[in-house]
Amino acid sequence: MKIQSYIIIAFLSLFIVSCGSKKTVVTSSKKKTTKKVTTKKLPSVNQKAHVKKLTKKNPKLNKHTLTYIKKYAPLAVIKMHEYKIPASITLAQGILESGNGRSTLASKSNNHFGIKCHRGWKGKRVYHDDDKKDDCFRKYEYVEQSYNDHSKFLTGRKRYAFLFNYRITDYKKWAKGLKKAGYATDKKYPQKLIGIIQNYKLYEFDKVKKRDLKKYKKQQKKPIQVSVTTKTTTSTPKVKSSSKAVYVVKKGDTLYSISRKVNVSVKDIKKLNGLRDNIISIGQRLKLK
């Protein structure tokens, strides 16, 4: 009988251990996956010399704006020759709409022109209270897509067609025309664009010839890399978090609606997650404490 009792106890011990091991398997981490994004090499358009000259004459110019010009001027010039939109206008819009590439929409979604989803948009999207509650904005994998989409947006809509009757060097008419066509609701939008173009002499980039792009490319040993070099995504163990600790953003959510659901103020949610504005994206995990 004693032997049988020992056998039963041993069997029960093994059963309990095996049950414990199953729980460990459930919480084990998944394999890491890496996705690489190829960089797009761009020719110089003498933007570094341009910025250096500006800084020498006026050291008080916004450093973030100067950095933006050095980084994205080649893209604006390339799009100018592809779509006949002044490089100065594209660059000024990028600076203004993206807050020098530092806004939440630009830094998290690579949307540098504040372009909304609109009908027919099948790409990724984020939601943000703008002109209306829960306005839908386009989300891009990298910045070049945003510049390309901006050019297609202007060339593909009838309300902007009259702009292409203006000379490519007439940035003032283009700035006023954008407001007239309804690109922005801000009454001072044209003046803001013109001010940026004149303060940073962006009209100089409208003079770059297509043949000059090849010349600059030969002169430059290491072309600029603008897009994200690598993008790594790793799947982490699925841990059942308390609803009071983390909230996963769903379609239609806003910070205000989430605040009501979890009983945490919008101000506290923004502070806990380092948010500068109210832009959130589907699947985003928000800390609640």
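The model is predicted: local features need pLDDT of at least 70, side-chain atom pairs count only at pLDDT 80 or more, and totals for chains, interfaces and linings use all residues. Residues are numbered from 1 along each chain as its sequence is written, and side-chain values use heavy atoms, with hydrogens and water left out.

**Overview**

The chain holds 11 helices and nine strands. These are DSSP runs numbered from the N terminus: helices are H or I with at least four residues, strands are E with at least two. Of the 289 residues in the chain, 39% are buried. Buried means under 20% relative accessible area, exposed means over 50%, and partly exposed lies in between (1.4 Å probe, protein chains only). A contact means heavy atoms within 4.5 Å. Among contacts with a separation of 6 or more, 65% join residues 24 or more positions apart.

**Nonpolar cores**

In soluble globular proteins, nonpolar side chains tend to be buried together. A nonpolar core here is a set of buried Ala, Val, Leu, Ile, Met, Phe, Trp, Tyr and Cys residues joined through side-chain atoms within 4.5 Å. The largest such core has 52 residues. Ile69, Leu91, Tyr147, Tyr183, Leu202 and Phe205 touch the most other members. Two or more residues come from each of α2 (47-57), α3, α4, α6 (143-155), α7 (171-181) and α8 (189-199). α3 gives the most, with 11 residues.

Leaving aside neighbours within four places in sequence, Tyr147 is in contact with Tyr68, Tyr72, Leu75, Ala76, Lys79, Thr90, Leu91, His112 and Phe113. A second, separate core has 10 residues, including Val264, Ile269, Ile280 and Leu288.

**Helix α7**

Tyr171, Trp174, Ala175, Gly177, Leu178 and Ala181 are buried in α7. Seen down the helix axis, the buried residues fall within an arc of 165 degrees, so they line one face of α7. That arc is taken from the directions from the helix axis to the C-beta atoms. The buried residues pack against α4, α6 and α8. Exposed Lys176 and Lys180 sit on the face turned away from the buried side.

**α4 against α8**

Two packed helices are described by the angle between their axes and the distance between the axes. α4 and α8 pack at about 110 degrees, with axes 9 Å apart. Axes are lines fitted to C-alpha atoms, for helices over the stretch in contact, and angles run from 0 to 180 degrees between N-to-C directions. α4 is therefore roughly perpendicular to α8, a term for angles of 65 to 115 degrees. α4 contributes Ser88, Ile89, Ala92, Gln93, Ile95, Leu96 and Glu97, while α8 contributes Tyr189, Lys192, Leu193, Ile196 and Ile197.

**Positive phi**

| Residue | Phi | Location |
|---|---|---|
| Asn110 | about 55 degrees | loop between α5 (104-109) and β3 (124-128) |
| Gly182 | near 95 degrees | follows α7 |

Asn110 is buried, with a relative accessible area of 13%. Not counting residues up to four places away in sequence, Lys84 touches Lys79, Phe164, Ile168 and Trp174. The C-alpha atoms of Lys84 and Arg167 are separated by 9.4 Å, though the two residues are 83 apart along the chain.

Note on methods. Angles under 35 degrees count as roughly parallel, over 145 as roughly antiparallel, 65 to 115 as roughly perpendicular and the rest as oblique.
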